[in-house]
Amino acid sequence: MSQQETELTLEELKHLVTNRAIEGDTMVLNMGPQHPSTHGVLRLLLELDGERIIRCIPDIGFLHTGIEKNMEAKSFEKVLVMTDRMDYMNNLGYNLAYCLAVEKLVDLDVPPRAQVVRVIMTELQRIASHLVFIGTHALDLAAISVFWYTFREREIILDVLEMCSGQRMMTSYFRPGGLWRDVPDEFEDAVREILRTFPKRIQQYEDLLTHNPLYMDRTKGIGVIPAEKALSWGVTGPPLRATGIPFDVRKMQPYSGYEQYDFDVPVGTNGDTYDRYIMRIEEMRQSLRIIEQGINNLPPGRFRSDNRKFVPPPRSELGHSMEAVIHHFKLWTEGFSAPKGDVYVPVESPRGVLGCFLVGDGGPNPYRVHFRTPSFANLQVLSKIAVGHLVADIVAIISSLDPVLGDVDR
Amino acid sequence: MNLLETVVDKLRKEFGEGVQPLEEFRGETKVNVDPSLIVPVCTFLHEDSDFSFNFLMALTCVDYWPQEPRFTVAYQLYSQKNNIILGLRAYLPGSDPGISTIESVYPNANWHEREVYDMFGITFEGHSDLRRILMPHDWEGHPQRKDYPLGYEEVQFSYNFDEIDQRKKYARE
């Protein structure tokens, strides 16, 4: 097949562009997939009238690696490792969604200590993710200095993740039934140090951006999502809350004991790019509140369930317990089996509703895993809100939706 | 009687045999919807002021090959007003599977249905833009079907190197 035939032609897209593009009156411009401000490999086809965007057609799939298909060929324990690789800014959130789905499917308990550690860790990850958002968002609008500050603090958080899981990013720390191992002794001091220093650091980012006239000019009134359409367009997370709808899965459908924590859901008013930035700043403050309550009430006890049919026994027992050896052997050769049925578990990721749809067929492998990923759902709105803006604005709009392309394409 | 049971009751009154409640599993309420009724059922759930399921949370598909009916299209609807999730399931046959699009009720179904079309080959009738979304546009086959192999690189040894090399696909031109 020649190169010519494999290219997408305007003829195939004619239902998505205006007639003026077919006549050659307007220009269809290709942006990406290799473009520094598309946050990965996102390709956009922009129909332009001068500098104005008339139509925007996102083209995704460049990072599709068939993760969902691959998961079907692995046991429940092994699938967990692949959940890290989808959204590389929110690894723990994906571990959590998957673990909650498995625990629901096989009806497995999680001890209170593990639940609190899970909450602390996912909130730390949420802050780290929002830091990347603020840094790269400002970078796209040519404010480079913010990036250096946010990545400095992100590294401190990633150090805590490494301390617990051994990895900065691909953590695989949560396991069905609890955690891979207990948090180390230094964990509490490290988290308290973050709690002590962080409010000042957030103020620093705000000093750089929140009242910066250049930043406000570039973001206010840009890419407005109307509140009445937001949910029907599938928008969730900070872009939805920026429109004024207080929808947060942590409040609406609490999981991992979120109902015990006292925190607010910040909402905006205009639903524009600026409000989405404000949402993330406020959410970082709320996450700090949750972490503080968690670390103050970290209960002692087991860090994973002692249901040996699903959770491996501790290494120390293998020397003197025959049952422990049998369970260990069984879990690490075959894995555990799940009953027939399907479950759907939504959680709140930094980008929006992350849903894990898990189907069991009685065997040791998941029959089907589907992730309702927030980036995929949120990116869809781009073609609706980019219309009418200038080419320079689309960079601000993309980054304000904060898509992670690994999460979009899976 | 909780609210979800009321929803199912009302659906049964409205649509009769077209809607069958499925066995509750782990506290999730699901109903089986006749594929021809998917748009009226979704419209009903969306418009009814008592329930107002205003958010399509997820849309996906499961392939039960070689069983019949082969495909299950799974919808998760969320009602912001009542804070409840209802699962809809539609069973489709293995040959020429097709179902109406619910884009007119939930506009965000657009990309989700495209993904299901791409991965499972299910045609959504009336869809405004039914193209492949994740795979390249000229790809053959639907990768997440169970009869579609995962695919591996064949290991070449010295005795069969040339033989495998012959049928390997290279970008020759």
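Biologist: Is Lys330(A) buried, partly exposed or exposed?
Modeller: In this predicted model, Lys330(A) is partly exposed, at 44% relative accessibility. Buried means under 20% relative accessible area, exposed over 50%, and partly exposed in between, with a 1.4 Å probe and protein chains only.

Biologist: Which residue forms a salt bridge with Lys330(A)?
Modeller: Glu334(A) does, and the closest N and O atoms are 2.6 Å apart. A salt bridge here is a side-chain nitrogen of Lys or Arg within 4 Å of a carboxyl oxygen of Asp or Glu. Glu334(A) counts as partly exposed, at 36% relative accessibility.

Biologist: What conventions apply to the model?
Modeller: Residues are numbered from 1 along each chain as its sequence is written, and chains are lettered from A and ligands numbered from 1 in the order in which they are written. Local features need pLDDT of at least 70, side-chain atom pairs count only at pLDDT 80 or more, and totals for chains, interfaces and linings use all residues, while side-chain values use heavy atoms, with hydrogens and water left out.

Biologist: How many salt bridges are there over all chains?
Modeller: The count is 38.

Biologist: What does Arg43(A) pair with?
Modeller: Arg43(A) forms a salt bridge with Asp59(A), with 3.0 Å between the closest N and O atoms. The pair links distant parts of the chain, 16 residues apart: Arg43(A) lies in strand β2 (residues 43-49) and Asp59(A) in strand β3 (residues 52-59) of chain A. Strands (E, at least two residues) and helices (H or I, at least four) are DSSP runs, numbered from the N terminus.

Biologist: Are those two buried or exposed?
Modeller: Arg43(A) is buried, with a relative accessible area of 15%, and Asp59(A) is buried at 18%.

Biologist: Which residues are linked in a network of salt bridges?
Modeller: The network links Glu123(A), Arg126(A), Arg241(A), Asp248(A), Arg250(A), Glu283(A) and Glu348(A). Within it, Asp248(A) and Arg250(A) form a salt bridge, their closest N and O atoms being 2.9 Å apart. Asp248(A) and Arg250(A) are both buried.

Biologist: Turning to chain B, how many helices and strands are there?
Modeller: Chain B has four helices and seven strands, in the order α-β-β-α-β-β-β-β-α-β-α along the sequence.

Biologist: What are the spans of its C-alpha trace?
Modeller: Along its principal axes, the C-alpha trace of chain B spans about 70 × 30 × 30 Å.

Biologist: And what share of chain B is buried?
Modeller: Buried residues make up 50% of its 173 residues.
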